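Please work through the following exercises on charged side-chain pairs. Each task is followed by a solution in steps.

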Amino acid sequence: MISLSIKDKNLFVAAFILGLGLLGAIDGIVFHQLLQWHHMVLSTNIQLEILTDGFFTAAFSALLIWGGIKIFKDTRNDKLGYNWSIFFGGVFIGGGTFNLVEGIVNHHILQVHRVKPTAENPLVYDLAFLALGILLIIVGWMIIRKSKQIKVAR
């Protein structure tokens with residue numbers, strides 16, 4: 001278990017929120033807009049697809065704003081750490097969590113869309129999306145863990 005000061009915990013939480021929003025933005029931009037593989041809800045009604053994509057964009061934009069406001073408020077109250085490793089680790093863990101939650105809930109439980117529904121085997125893309133989420137969480141955890149080990153060794 002990694003022990004963090006209250007300032008570093010606040011930094012981690014803000015970075016985690018930003019990571020959720022950042023991966024949401026990447027997902028929306030890459031898969032919904034550039035590659036046009038899917039929309040939030042697959043439907044024959046294009047207006048519904050665009051509307052749900054708009055709600056998705058609003059949600060990840062709100063996360064990015066919330067993360068930014070949290071950083072500002074915690075900094076103003078002198079309650080924010082300044083360890084870049086904790087920040088980037090939190091962003092990676094938040095992004096990985098986005099992939100896992102969005103992938104499990106939307107692709108597997110609710111089945112509102114797949115990563116690439118027109119693929120010969122769409123499950124491969126869905127599983128790769130989940131694997132990327134796990135990888136991002138592991139990388140984030142390793143970044144934070146390595147940072148804490150360096151501080152202890154000094």
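The exercises below concern salt bridges, their place in the chain and their accessibility.

This is a predicted model, in which local features need pLDDT of at least 70 and side-chain atom pairs count only at pLDDT 80 or more, while totals for chains, interfaces and linings use all residues. Residues are numbered from 1 along each chain as its sequence is written, and side-chain values use heavy atoms, with hydrogens and water left out.

**Exercise 1.** State how many salt bridges the model contains.

*Solution.* A salt bridge requires a side-chain nitrogen of Lys or Arg within 4 Å of a carboxyl oxygen of Asp or Glu. Applying this rule gives three salt bridges.

**Exercise 2.** Describe the salt bridge between Lys 7 and Asp 78.

*Solution.*
1. The N to O distance is 3.3 Å.
2. Lys 7 belongs to helix α1 (residues 6-34), whereas Asp 78 lies in the loop between α2 (46-76) and α3 (84-109); the pair, 71 residues apart, links distant parts of the chain. Helices (H or I, at least four residues) are DSSP runs, numbered from the N terminus.
3. Lys 7 has 32% relative accessibility and is partly exposed; Asp 78, at 54%, is exposed. Buried means under 20% relative accessible area, exposed over 50%, and partly exposed in between (1.4 Å probe, protein chains only).

**Exercise 3.** Determine whether Lys 70 and Asp 74 are buried or exposed, and locate the pair.

*Solution.*
1. Their side chains form a salt bridge at 2.7 Å, N to O.
2. Both residues lie in helix α2; because they are four residues apart, about one helical turn separates them.
3. Lys 70 and Asp 74 are both buried.

Terms used:
Helices (H or I, at least four residues) and strands (E, at least two) are DSSP runs, numbered from the N terminus.
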